[in-house]
Amino acid sequence: MVAKEAHARNEVVVCDNTLATSFGCPATRLGADIVLEGLSHALGAAGDNLVAVSLSVEFLAAHPETAARLEAKRPDNALADDFADAYLRWDTVRKRQNDAALAIAEYLVCHPKVARVWYPGLLRDQRDSSQPDPTNAVAPAILTGGFGPVVDFELANSPVHDCVPDFAAESHLRLIGKRLIRLVCTEEEIIAQARAVEQELADI
């Protein structure tokens, strides 16, 4: 919808696809003209200064000079092959993260200390506390191969001033508001991650 409206005004749509990644969101197919994706999540320190750029077929046909300028910045072939191999291996990690996030989001929906969970992969039934969030309704049409590693949830029945956890540096939980907590799942075993979250919630 955003792309259709922008194109009607002859505007170019640029999308930051770093979080969903090209594996998880086919942004050019959905109407984006230029898609940027930081690669540090997939390549670690080697990707800190690298950005993948994708161009839609329509944009490429209208602006072939842009592709030529981008191609001039491409790493040498050997390095590009190494990056490509690492990126494909990362897709396996991404799928494990997505599986863990879905399982833990469903677990948090039932947790007595949690008032609301935001995760687009939640089953849309009466147990889905994020149902009023319209972004969940469109996520299945936008995201592919899972719904990402990030789960946000709100704590219940806690005074604001008592609700600021001091999460350890190694924790997967981060406070992003007085009551809102963000969990970024990893490729670790799902039960181990769920136990770690439960332990930290028990201390709040």
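User: What is the mean pLDDT of the protein chain?

Analyst: The mean is 83, and 86% of the residues reach 70 or more.

User: And where is confidence lowest, and where is it highest?

Analyst: Helix α7, residues 134-142, has the lowest confidence, with a mean of 71. The highest is found in strand β1, residues 14-16, at 96. Where pLDDT is low, the predicted coordinates should not be read in detail.

User: Turning to the sheet, in what order do the four strands lie?

Analyst: The order is β4-β5-β7-β6, in an open sheet with antiparallel pairing. The edges are formed by β4 (114-118) and β6 (173-175), each of which pairs on one side only. On average, neighbouring strands of this sheet are turned by 25 degrees against each other, with direction ignored.

User: How many bridges join β4 to β5?

Analyst: Four bridges connect β4 with β5, which covers residues 150-155, and the two strands run antiparallel.

User: Which residue in β5 stands opposite Val117?

Analyst: Phe153 in β5 is the residue opposite Val117.

User: New topic: how many disulfides does a search of the whole structure find?

Analyst: The search finds zero disulfides. Cys25 is in none, and the nearest cysteine sulfur, which belongs to Cys15, is 5.9 Å away. A disulfide would require the two sulfur atoms to be within 2.5 Å.

User: Is Cys25 buried or exposed?

Analyst: Cys25 counts as buried because its relative accessibility is 10%, and the cut-off for buried is under 20%. Cys185 is also buried, with a relative accessible area of 1%.

User: How many aromatic pairs does the search find?

Analyst: Two aromatic pairs are found in the whole structure. In one of them, the rings of Phe23 and Trp90 have centres 6.2 Å apart and planes at 40 degrees, so this pair is tilted. Phe23 belongs to helix α2 and Trp90 to helix α6 (residues 77-109), so the pair ties together parts that are 67 residues apart in sequence.

User: How accessible are those two, buried or exposed?

Analyst: Phe23 is partly exposed, at a relative accessible area of 21%, whereas Trp90 counts as buried at 9% relative accessibility.

User: What about Tyr119 and Phe147?

Analyst: Tyr119 and Phe147 form an edge-to-face pair, with 6.4 Å from centre to centre and 75 degrees between the planes. This pair links distant parts of the chain, 28 residues apart: Tyr119 is in the loop between β4 and α7, and Phe147 is in the loop between α7 and β5. Tyr119 counts as buried at 0% relative accessibility, while Phe147 is partly exposed at 26%.

User: Back to helix α2, where Thr21 is found. Which residues does Thr21 touch?

Analyst: Leaving aside residues up to four places away in sequence, Thr21 touches Glu37, His41, Tyr87, Trp90 and Arg94. Thr21 counts as buried because its relative accessibility is 1%. Trp90, one of these contacts, is the ring partner of Phe23 described above.

User: Where is Gln193 found, and is Gln193 buried or exposed?

Analyst: Gln193 is in helix α8, residues 190-202, and is buried, with a relative accessible area of 2%.

User: Which residues does Gln193 touch?

Analyst: With residues up to four places away in sequence not counted, Gln193 touches Ala100, Ile104, His172, Cys185, Thr186, Glu187 and Glu188.

How values were computed. Residues numbered from 1 in each chain as written. Predicted model: local features only at pLDDT ≥ 70, side-chain atom pairs only at ≥ 80, totals over all residues. Heavy atoms only, no water. Pairing = 2+ DSSP bridges. Axes fitted to C-alpha atoms, helices over the stretch in contact; angles between N-to-C directions. pLDDT = per-residue confidence, 0-100. Buried < 20%, exposed > 50% of the residue type's maximum accessible area, 1.4 Å probe, protein only. Contact = heavy atoms within 4.5 Å. Phe/Tyr/Trp six-rings, centres within 6.5 Å; stacked < 30°, edge-to-face > 60°.
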